[in-house]
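Hello! Here is the structure I promised to pass on to you. Have a look at it first, and then read my notes below.

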Amino acid sequence: MKELRKVIYFISFPLSFIGFIFPIYASSIGANIIQIAYLYSIFSIISIIIRPMVGNLIDKRGRRIGILIGTILYTIVNIFFILAKDFKYLLIGRIIQSLGASFLWISVDTFISDISDETNRGKNFGLLNQFMAKGEWVGSIIGFTILYNNFTDNPFKLIFTIFLITSSISVYYTIKKVPETINLKKEYKAGNIKDKKQLKYFLGIMGILSFITSLTAPIYLIYLQENITKDIGLISFLFIPASILALFLPNIFGSFSDKYGREKIVIAGMFINAILQIFIPFNKEYYSFMILYTLISIVVMFYSPAFSSLIIDFVGENKRGRSYGLYSFASGIGGAIGYMAGSYIYENIGNDILFYTKGILLVVMTLFICYLYIKSIRMNRKMEITRIEQ
């Protein structure tokens, strides 16, 4: 993990800032809600096309080449944001960003799976989340400091120039430090999925979960502006407590999932998250929303390392890159549909309804997954009793 630390740290500088400011920035140059949703959807559409191919590529050519291509593409994205004058620059930048994300994160997830086993996989994914959080924290401080202090007439140009430099540093560390891990394991543990039918079933569930979680992504900050405060500075402060906690909690939660069971943690975490989503429309006062958002973030940190680990637990270790590629393919389809559906509901039905819908759907899906988990336990016990009796 230490070889990957600086790569992830420096490449993560722009991620949180872009994630925060992108809808508002796009809106400031004339994009409407549907166009903003399209910018999010194009990200998923590109992922649908490219990620399965990336998974196969890194299983054949290695993880290091995927990480290198990803960091280079992320670096190029900053150039388009520096030059951005209208919607088309954002669109091209978003396409390149999706390509970069496809190469980088599948390769990174597979790299971590290469160096991990069942005893430490959750911990290592937690460490990944912490490296990202530290980079995003520093990058956000840089970005918002420049944005709100009038250092220049074109603050975004300066911000993305700095991010261009930090991303280039990440490329350097990838070339200099990151080893190849494709041949690290000589023996592989089979996953829980035994045939193509079960794989399709698993990918379908992943796609539906991605659809549900993507419903609010394009409109989240717009919702905050319309319902909490119009001050962008105050909105940024809403995320600070969660950002601080993200600097150290993921590693702790990842180790916890390795020790106490990933399935139970994912089910419990998703269910709590679902309930908290339903409470969002009831918390439109500034500090109560900050507390609620922080709670949601803690819950997501609690089960995210376990969720990432479960993908390999289910699909097996023999084709790790392909496994993450297929998972990303399914989640990309769900995400693309979710972005558009969420934007449509927000604009035509109601903004509060969207959060109720997301929470209720997540409750239903969590209960369904819980049912499958209990059914699997019973089946395994029955098979074990039959084996003993024989």
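**Salt bridges**

Lys 284 and Asp 352 form a salt bridge, with their closest N and O atoms 3.0 Å apart. Lys 284 sits in the loop between α13 (262–279) and α14 (286–315), while Asp 352 belongs to helix α16 (residues 351–389), so the pair ties together parts that are 68 residues apart in sequence. (Helices are DSSP runs of H or I with at least four residues, numbered from the N terminus.) Lys 284 counts as partly exposed, at 31% relative accessibility. Buried means under 20% relative accessible area, exposed over 50%, and partly exposed in between, with a 1.4 Å probe and protein chains only.

A salt bridge here is a side-chain nitrogen of Lys or Arg within 4 Å of a carboxyl oxygen of Asp or Glu. By this rule there are two salt bridges. Arg 63 and Asp 59 also meet in a salt bridge (3.0 Å, N to O). Arg 63 is buried, at 2% relative accessible area, whereas Asp 59 is partly exposed, at 23%.

**How to read the model**

This is a predicted model: local features need pLDDT of at least 70 and side-chain atom pairs count only at pLDDT 80 or more, while totals for chains, interfaces and linings use all residues. Residues are numbered from 1 along each chain as its sequence is written, and side-chain values use heavy atoms, leaving out hydrogens and water.

**Cavities**

How many cavities of 30 Å³ or more does a search of the whole structure find? The search finds two. A cavity is a set of points on a 1 Å grid over the protein atoms alone where a 1.4 Å probe fits but cannot get out, and lining residues have an atom within 4 Å of a point. Points are joined across faces, edges and corners, and the volume is the space filled by probe spheres set on them.

The largest cavity holds about 70 Å³, and its lining includes Ile 11, Tyr 74 and Ser 167. Both α2 (13–28) and α4 (63–83) supply at least two residues of that lining.

The second largest cavity has a volume of about 30 Å³. Ile 18, Ile 21, Phe 22, Tyr 25, Phe 81 and Phe 160 line this cavity, and α2 gives the largest share, four residues.

In helix α5 (residues 87–114), 21 of the 28 residues are buried. Ser 170, in helix α7 (residues 155–177), is buried too, with a relative accessible area of 0%.

Notes:
1 Å grid on protein atoms, 1.4 Å probe; cavity = no way out; pocket = protein on both sides within 12 Å on 5 of 7 lines; lining within 4 Å. Expected span 1.5 Å × (residues − 1).
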